[in-house]
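Subject: Handing over a structure

Dear colleague,

I am passing on the structure below, and I would be glad if you kept it open while you read what follows. My notes come after it, grouped by topic.

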Amino acid sequence: MGRIKHLVKKQEFTIFIILIALCLVATCFNTNFMSAANITDLIKSIAFSIIASGAMAFMIISGNLDLSCGAMITLGGMAAGGCMVSGIPWPLAIVFSLGLCAAFGLASGLLVVKVGINSVIATLGMQYVIKGCVYVTTKGNPFYPLDENFCQIGQGTAAGIPIVILIAAAVCVCFHIILSNTIYGRSIMALGGNDEAARLAGIKTGSKRISLYVLLAVFCGFSGILSASRVGSALASAGDGKELTIPAGVIIGGCSIMGGRGSVIGAIVGVALLETIKNALVVMRLSAYWQDLATGLIMIVACSIDVFRQKNIGGSRKKAKAEDK
């Protein structure tokens with residue numbers, strides 16, 4: 001019973017209930033929402049986003065924010081697609097693309113840690129740098145056709161389950177295990193909780209933060225590669241909007257913008273909620289512009305709850321210290 005009460009109090013549980021309620025409402029407006037085809041498409045869309053959301057959860061829990069994730073998604077797909085169109089075998093194209101994304105992630109990390117630029121400003125600038133490089137190089141033209149074996153990754157199935165869903169599930173399990181059961185995961189929590197205390201405890205805070213930018217860049221690039229594989233074409237607009245919806249979903253799922261608290265499961269549920277809103281609006285034949293309104297309102301409410309929760313925690317600690325004295 002105690003575990004159930006603890007679960008109910010978690011923000012992740014609240015968002016999950018909202019997700020279920022949204023599905024029921026959408027079904028009432030249009031029964032096609034719960035059709036097998038639509039649910040499969042919805043889960044696929046969620047899968048592409050949650051591949052990047054696990055790494056974004058690490059970033060936000062550490063007390064940082066990266067707004068270049070949308071451009072990294074675009075870069076991943078375009079770099080791999082460009083290589084394949086040029087005749088490079090698709091496995092080497094993927095390796096090159098991920099390496100390029102890692103290089104840009106490293107640059108972002110160095111700007112934040114070594115130069116001292118605010119993470120929001122540094123990554124927002126990197127977002128425009130990457131987009132500029134993509135558009136200057138390609139003039140916005142897509143790359144196609146792509147290798148059939150490569151496209152099979154995003155379009156194929158294994159045991160009746162889309163391969164991309166299996167990949168996303170494996171990535172999320174790995175992120176959850178790393179955050180919950182490894183020294184690296186605990187150091188990320190420590191960074192967000194108290195940077196100075198983490199440093200005094202022997203954690204190399206600078207290198208850890210840089211590693212997070214590289215990690216996020218690689219998995220955003222990987223998401224972009226899978227997206228290109230799904231549609232059979234690398235598009236310069238693939239990551240548009242993701243620089244806001246992925247961080248928003250992670251924050252909505254309970255990862256504190258103050259750092260030091262959150263979970264991969266919560267990030268997945270939060271991102272799933274935003275993707276479901278987008279899908280439900282399409283099925284209900286409402287304007288896609290309502291998605292921005294809904295996302296903004298949900299994010300404001302989630303952040304407000306987080307701020308109030310942090311204040312309550314701080315107040316409880318002060319009260320406990322006063323009572324001890």
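A residue is called buried when its relative accessible area is under 20%, exposed when that area is over 50%, and partly exposed in between. Please bear in mind throughout that this is a predicted model.

With those words in hand, you can look at helix α12, which is mostly covered, since nine of its eleven residues are buried. The buried residues of α12 are Lys242, Glu243, Ile246, Pro247, Ala248, Gly249, Val250, Ile251 and Ile252. After α12 comes Gly254, which has a positive phi, near 110°.

At least two lining residues come from each of α3 (36-61), α4 (69-85), α11, α12 (242-252), α13 (264-283) and α14 (289-324). By class, the lining of the largest pocket has 14 nonpolar, twelve polar and seven charged residues.

The second largest pocket has about 290 Å³ of space, and of the 18 residues in its lining, Leu19, Ile43, Ile46, Ile268 and Ala272 are the closest to the centre. Helices α2 (11-29), α3, α8 (163-181) and α13 each give at least two residues to this lining, and α3 gives the most, with six residues. What classes of residue make up the lining of the second largest pocket? There are 17 nonpolar residues and one polar residue, with no charged residues.

Turning to how helices pack, you will find that α5 (residues 90-115) and α11 (residues 205-231) meet at an angle of about 145°, and that their axes are 7 Å apart. This crossing of α5 and α11 is right-handed, and the contact between the two helices involves 15 nonpolar, six polar and two charged residues. Leu92 is found in helix α5, and Leu92 counts as exposed because its relative accessibility is 53%. Although Leu92 and Ala80 are twelve residues apart in sequence, the distance between their C-alpha atoms is 8.6 Å.

Some points in the loops also deserve a careful look. The loop between α6 (119-138) and α7 (148-155) contains Pro145, and the peptide bond that leads from Tyr144 to Pro145 is cis, with omega near -10°. Lys139 is placed in the loop between α6 and α7 as well, and Lys139 has a positive phi, near 60°, although this residue is not a glycine. Is Lys139 buried or exposed? Lys139 is exposed, because its relative accessible area is 68%. Ala159, in the loop between β1 (157-158) and β2 (161-162), likewise is a residue other than glycine with a positive phi, near 60°, and Ala159 counts as exposed because its relative accessibility is 83%.

Finally, a word on the cysteines. The structure holds zero disulfides. Cys28 counts as exposed because its relative accessibility is 70%, whereas Cys151 counts as buried because its relative accessibility is 9%.

With best wishes

Conventions. Residues numbered from 1 in each chain as written. Predicted model: local features only at pLDDT ≥ 70, side-chain atom pairs only at ≥ 80, totals over all residues. Heavy atoms only, no water. Axes fitted to C-alpha atoms, helices over the stretch in contact; angles between N-to-C directions. Helix = DSSP H or I, 4+ residues; strand = E, 2+ residues; numbered from the N terminus. Left-handed = near helix turned anticlockwise from the far one by under 90°. Nonpolar A, V, L, I, M, F, W, Y, C, P; charged D, E, K, R; others polar. 1 Å grid on protein atoms, 1.4 Å probe; cavity = no way out; pocket = protein on both sides within 12 Å on 5 of 7 lines; lining within 4 Å. Points joined across faces, edges and corners; volume = space filled by probe spheres on them. Disulfide = S-S within 2.5 Å. Buried < 20%, exposed > 50% of the residue type's maximum accessible area, 1.4 Å probe, protein only.
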